[in-house]
Each structure stands twice: as structure tokens, then as C-alpha cells.
Amino acid sequence: MCYEHDISDTISHRDTLPPPSVLRHVVDVHCHPTDSEISVKSMDNLPITIVAMSTFQANQGLVRDLAIAFPDKVLPSFGYHPWSTHWIALAPYESKEDHYRRIFKDADEHQEAFQKLLVHLPEPVTLRTVLEDVRQNLMAFPSAMLGEVGIDRAFRVPYDYFSSPGELTPFTVPFEHQLAILEAQLDLAAELGRNVSMHSVKSQMATVELLNRMADKHGEHWMKISVDIHSCGLSPQTWLSIEKRHPNVFLSLSTIINSRSPNHRALIAACSSRRILVESDCYKIEDCVQRTWDMVLIVAEVKGWPVESSWEEVVDESQQGVVRHLENNWKEFVQGNHIGLSMISKRTARERQ
């Protein structure tokens, strides 16, 4: 979600956006514009490219419609977020209540809370239906990504998913349930050759193990796609172990999530110059540009890259600014087809800049 917060800021450019000639090379690699009302005017005025996420059944079609209406500005992503995975059934069930009692194994201990929650919960949908929905959407958009998908150990189920502010229940979605749904979606991404935007919260070792498992399971098909760990909250040490083992994994950062902790600057410093991307993670399209640009400036400061105030088509590699660095990273991400693990040791010194 997008909300106001303070950002530690030593960047003089903070409230000044560059000209459109620069912004057209900026990509917000993860946002949720269909979670709020979108005016045609705001989309017409949008100077950057956005990657719009789907999260549950109802907004898959909204993202699809946005991408059809603005194909030059919106790259769609289709998938089911871990916060909605309790709505998905892995096995046949007798009734709606039966399904949710299987998910929330402590329902009997919190009977009043469970009954209050049950009123707001939708009829479950089968994993088979979910995967078919994602498959159809991905097939309809040859460049579409899988996202937002992932795992989250911190999430507690709200009584009403759509109320704000939401009241939380005592229930969580079993991690094994989340993981089964995530792996099924990742299998589909590997099959179709689609890049991924992945959510990982309080799941560092599970994420490492998952990526290792996917690489072993899918081999070359896995190496053909790219995976972005969005609003990455991994420790620099964990990230470096992933970066070394998985040349197809990138990270992106947002001020909304990552600036809560000073760790994000250490993560930027540790991350390869070729694996970092930026995002807004906003649900209001009007906020995406400034929020993404804020993170561009933080990356520039930490990496010591100049900030472009105009755009030159040809620039010496040693003089490249932050926007060009990030644009090149995005192009590598989109292209996929990453080098094999046996080639990692041959990366040049630029990998560690």
C-alpha cells in the first residue's frame, strides 16, 4: 500500500523531476494502479513506463483492460498474491466453511472470530482454475509477467479485505499453503518463459531454498526467465548469496517499503550494479512517478552515479548516469536468457561496482 512517511533525504533533487526526455527511460517495475480509480488524463500524462500488478481474482481483468488501453505505457503482470492465497483450494472441499476450517487450523480456538470472518470470505476457487486464468492472461499478452506472487510469514488475515483501515483477525495463512500456490505459479512461468515479480516477507531462508529448488527443477528453462524480488527486504548477506548462485534474480526497491529501514542503503551498496531496479509499489497512478524517481535518486547517491538532467542518445560507458544504468538493467531483465552458473566467475569487475 502507498502511504505517507518520512524519507531520510540528503538529495538535492528530491522534489524536482527531470524532463520528459529522461523520464521516458524510467520504469516503475512494480505498482498497483488498478487498486484505485484511474483517470484517462492521469494515464495520458504519465511520462514513465509502469509494470502493473495483479493480486487476486477481481483485478486480473482490470490490469488486462489497463494494458489494452495503454499498451505503450503499461506492462501487465498476472498472478495471485500471498495475501489472497487462503481463497484458493488445493483439494476438493465440501463447503465454503469446510475449506476455510482446513486453512485456519486454529478456527475452533477462535470460533467467534472465525464466524465473523467467514461472512466476508469469498467462495474458494480451485488452484486449477487460478492457473488456467493466469495462463490465459499470459498467453494473451506475449510480454506480460507473472506477478505479484510470493510468500509472507508476517501477514495476518483481515476481517474485511476491502475496508480501510482493516481490522485484523488472529489467523494467518499456513506457509506451506502459500508455498504450494507460489510454486505452481512459478512452474507456469518457467513453462511459458515469463519473468516474475515476487513478494518475500520474513522468509529469507525459504526464499533461498525456493530459488535453489526452482533452478534445480527447471534447469535451462529457469535460466531463460528473470525474477525480481520486489521491495526487497533481504539482508545484504542473504542477497549476495542469491546473487552469486542465481544470475537471473534481480531486486527492486521502493521508498514506501524499504525506506522504513536503513538496511536498504546497505542492500543497494551490496547489490551488483547490473541487478538493481526501482519501483513505487503505489496504488495511485498519480504517485508512481515521484515515488519511483525518489528511489532513482537514492540509488544514484549510494552507487555514486550522476543523475541525468537531459538525455543524450550516445554516452561513454564511464559517463553513464543512474537512469541509463537502470534502463540497461531493465532491458537485461526483460531479455532473460541469462548466462549459466558456470559463467558467473567470469563476470567482469563492473559486476561489483
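Student: Which residue in strand 2 does Val27 stand opposite?

Tutor: Val27 stands opposite Thr49 in strand 2. Strands here are DSSP runs of E with at least two residues, helices are runs of H or I with at least four, and both are numbered from the N terminus. One caution: this is a predicted model, where local features need pLDDT of at least 70 and side-chain atom pairs need 80 or more, while totals for chains, interfaces and linings use all residues. Residues are numbered from 1 along each chain as its sequence is written, and side-chain values use heavy atoms, without hydrogens and water.

Student: How many bridges join strand 1 to strand 2?

Tutor: There are 3, and the two strands run parallel. Strand 2 covers residues 49-52. Two strands count as paired if DSSP finds at least two bridges between them.

Student: And strand 2 with strand 3, how do they pair?

Tutor: In the parallel sense, over 3 bridges. Val51 has Leu75 in strand 3 as its bridge partner.

Student: What's the strand order in the sheet?

Tutor: The order is 1-2-3-6-7-8-9-10. The sheet is open, has 8 strands and is paired in parallel. Strand 1 (27-31) and strand 10 (276-278) are the edges, each pairing on one side only. Neighbouring strands are turned by 30° against each other on average, direction ignored.

Student: Why is strand 3 called largely enclosed?

Tutor: Because 5 of the 5 residues of strand 3 (residues 74-78) are buried. Buried means under 20% relative accessible area, exposed means over 50%, and partly exposed is in between, with a 1.4 Å probe and protein chains only.

Student: Which residues of strand 3 point which way?

Tutor: Val74, Pro76 and Phe78 point one way, Leu75 and Ser77 the other.

Student: Switching to helices. What does helix 8 lie across?

Tutor: Helix 8 lies across strand 6 (145-152), strand 7 (196-201), strand 8 (227-229) and strand 9 (249-253). Its angle to strand 7 is about 145°. Axes are lines fitted to C-alpha atoms, for helices over the stretch in contact, and angles run from 0 to 180 degrees between N-to-C directions. Contact means heavy atoms within 4.5 Å.

Student: How far apart are the end C-alpha atoms of helix 8?

Tutor: They are 21 Å apart, which agrees with the 21 Å that 15 residues should span at 1.5 Å a residue. The expected span is 1.5 Å times one less than the number of residues.

Student: What's the geometry of helix 7 against helix 8?

Tutor: Their axes come within 11 Å and cross at roughly 35°. The crossing is right-handed. That label applies if the near helix is turned clockwise from the far one by less than a right angle; anticlockwise is left-handed.

Student: And helix 6 against helix 7?

Tutor: The axes of helix 6 (residues 127-140) and helix 7 come within 11 Å and cross at roughly 30°. That makes the pair roughly parallel. The cut-offs are under 35 degrees for roughly parallel, over 145 for roughly antiparallel, 65 to 115 for roughly perpendicular, and oblique for the rest.

Student: What about phi of Ser231?

Tutor: Phi of Ser231 is near 40°, a positive value in a residue other than glycine. Ser231 sits in the loop between strand 8 and helix 10 (236-245).

Student: Is Ser231 buried or exposed?

Tutor: Buried, at 8% relative accessibility. Asn337 also has a positive phi, near 50°, but Asn337 is exposed, with a relative accessible area of 53%. Asn337 is in the segment after helix 14 (322-335).
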